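Let's take a look at one protein model together. Have the sequence and the 3D view ready, and follow along.

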Amino acid sequence: VQLQASGGGLVQAGGSLRLSCTASGRIFSINAMGWHRQAPGKQRELVASATSGGSTNYADSVKGRFTISRDYVKKTVHLQMNSLKPEDTAVYYCNADLAESRSLRYSRYWGQGTLVTVSS
């Protein structure tokens with residue numbers, strides 16, 4: 001199983017970026033997909049997640065600015081980030097809680113991380 005993330009980069013404060021992450025490989029079922037981030041010197045934190053049932057969850061710091069969405073056919077999760085702030089600067093990691101077989105034993109898989117830098 002692989003999670004391939006893309007879309008990071010450098011943007012000015014107030015700007016927008018869209019991150020994408022696609023899962024591939026031996027996948028039977030995907031439950032939640034989401035994004036975490038880790039800023040220098042800080043712990044990794046949840047940014048947003050979306051379940052297979054359509055429920056979403058956001059960190060308070062990004063509510064109203066970020067939107068998570070999923071393409072279930074393409075096994076892809078997107079994170080639209082608007083009104084970016086310097087404090088959003090971090091490495092963003094996508095994750096997927098998925099089962100590789102009918103046993104439905106779910107495990108969390110992580111993407112490689114993509115750097116988002118917001119300049120002031």
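## Before we start

This is a predicted model, so local features need pLDDT of at least 70, side-chain atom pairs count only at pLDDT 80 or more, and totals for chains, interfaces and linings use all residues. Residues are numbered from 1 along each chain as its sequence is written, and side-chain values use heavy atoms, leaving out hydrogens and water.

Helices (H or I, at least four residues) and strands (E, at least two) are DSSP runs, numbered from the N terminus. Strand β11 covers residues 114-119, and its side chains alternate. T114, V116 and V118 point to one face and are buried (under 20% relative accessible area; exposed is over 50%, partly exposed in between, with a 1.4 Å probe and protein chains only).

Two strands pair if DSSP finds at least two bridges between them. Strand β2 (residues 9-12) runs parallel to β11, with 4 bridges, and V11 stands opposite V118. Strand β9 (residues 90-99) runs antiparallel to β11, with 3 bridges; here Y92 stands opposite T114.

## The disulfide

There's 1 disulfide (a pair of cysteine sulfur atoms within 2.5 Å). C21 and C94 form it, with their sulfur atoms 2.0 Å apart. The pair links distant parts of the chain: C21 is in strand β3 (residues 17-24) and C94 in strand β9, 73 residues apart. Both cysteines, C21 and C94, are buried.

## A charge over two rings

A charge sits over a ring if NZ of Lys or CZ of Arg is within 6 Å of the ring centre and within 35 degrees of the ring normal. R44 lies over the face of Y93, at 3.8 Å from the ring centre. R44 also lies over the face of W110, at 4.7 Å from that ring's centre.
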